[in-house]
2 protein chains.
Amino acid sequence: MQVPDLKMSEKEKKILDAAIAVISEKGFSAASTSEIARQAGVAEGTIFRYFKTKKDILRGILIHLGNVIAEPLVVYGLKKILYQDGREDLRAGIKLVLKDRMAIIDAVFPMLRIVITEAMYHEDIRQILYDKIISRAVEVFEEYHLEMVEKGLMKKEIDAVVAGRSILANLVLFFVYRNLFGPMIQLDDYDRELDQVIDAIMHGIAIPAVGDKK
Amino acid sequence: MQVPDLKMSEKEKKILDAAIAVISEKGFSAASTSEIARQAGVAEGTIFRYFKTKKDILRGILIHLGNVIAEPLVVYGLKKILYQDGREDLRAGIKLVLKDRMAIIDAVFPMLRIVITEAMYHEDIRQILYDKIISRAVEVFEEYHLEMVEKGLMKKEIDAVVAGRSILANLVLFFVYRNLFGPMIQLDDYDRELDQVIDAIMHGIAIPAVGDKK
DNA sequence: TTCAAAAATGAGTGATTACTCACTCAACAA
DNA sequence: TTGTTGAGTGAGTAATCACTCATTTTTGAA
């Protein structure tokens, strides 16, 4: 996925694209500015006209992710589910959105990999990640969750954060299992497994005691 | 958490401990052998008597994780749940085990962070991770899952892999949310949130349709 | 106590790093 | 045509890197 324009010169876009590619391949520390320059087709000095330091390139990637990618990844499509009433519609809607998100994650994975990795090591990166993406995602999901509780489709006993995290968690590990460990395992039928994942998210993995209502 | 002995000289242990500390702090590429040596209290040359290359140190950490840490992280305590019959016992057992796992993850987090990060970038590391830890974990959980299905406590419609992944996923994101983003958020009561997480794992976040049995 | 083998050392090596800066040159104004 | 500007350049710089190896220190059997 290419970096779209946004008050950004052609050169700057080229450099960011190259930086994402190289850093995602080797990791931030192992990626050299000389290789980024080569990949971008500019002189090494040019990079430092647009980014004061190498770390500024990382910040640029992160801000870009927040501005351009976070919105479709988090918000887009939720409304589609939000205004369904039937339970089967809900399930189908969730499936659609999850499939869609899998595709988006796939497309922006290089960028995500960089951000996730660096967030594990640097509190300042984590702070930006939280401010630009996570807090916004929580906000959006809280609204959605409230709507679902009012419709009697989601449990009010489970907080929005826990519920949202459960969805995200299952989605992420589904992705990791398929895309990172895919070569090592015998992959099940995608749709069948996704159905099970949704089942686990919606109704859990345990059999409820007889007579239990919730 | 310190590296325990296992056919390992005092020096080698010291170097591994220092390597884990330094690499976990800065990342593998940014960690220098000179700093690892300083932290270990040995000369830089000594490191290369025990590890042929820097990458061998990483391999050493990974193998150590597989040999010593994976077992308690994955297997230990499952039997405690396995031989409970009551449903409330099951819930309490899961809670105990999850709490215990949170503590273990906390203790080995430096090591985990290194392995997870490098696994994201290198297929060969991923392969070792799969062979030494994941495949073993799947094996253990499959046995547990089968037992639970036979007791009528877990759904047979959801595969062991999906069910186990759901538990792991919720546990991991619970940890990440609390320990990495803890400073940025207002933390709920730990036990209350953990109860909700278990609820989400066991019975899902959606309200089942009236008349539904599973 | 003696001495050979093993372990440990740290200065040295060539390669690579992020970053600088004196310079080039295309584009436009006067 | 001449002068001015600033984006773009890439050789240069000091620092740092992983790794080597000649030398010193430690060890333990005789």
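Mentor: Contact means heavy atoms within 4.5 Å. This is a predicted model: local features need pLDDT of at least 70, side-chain atom pairs count only at pLDDT 80 or more, and totals for chains, interfaces and linings use all residues. Residues are numbered from 1 along each chain as its sequence is written, chains are lettered from A and ligands numbered from 1 in the order written, and side-chain values use heavy atoms, without hydrogens and water.

Trainee: What share of the interface residues of chain B are also interface residues in chain A?

Mentor: The copies meet through the same surface. That is because the shared part of chain B's interface residues is 100%.

Trainee: Which rotation superposes chain B on chain A?

Mentor: Copies are superposed by least squares on C-alpha atoms of residues with pLDDT of at least 70 in both. The RMSD is 0.1 Å, the shift along the axis is 0.0 Å, and the rotation is 180 degrees. The two copies are thus related as by a two-fold rotation axis.

Trainee: Which element gives the most to the surface near DNA strand D?

Mentor: Near means a residue heavy atom within 4 Å of the strand. Helices are DSSP runs (H or I, at least four residues), numbered from the N terminus. With four residues, the answer is α3(A).

Trainee: How far is a phosphate oxygen of DNA strand D from an N or O atom in the side chain of A:Y50?

Mentor: A:Y50 is among the residues that come nearest to DNA strand D. A polar contact here is a pair of N or O atoms within 3.5 Å. For A:Y50 the distance is 2.5 Å.

Definitions and conventions: A polar contact is a pair of N or O atoms within 3.5 Å; within protein, one must be able to donate a hydrogen and the other to accept it, and residues adjacent in sequence count only if both atoms are side-chain atoms. Helices (H or I, at least four residues) and strands (E, at least two) are DSSP runs, numbered from the N terminus.
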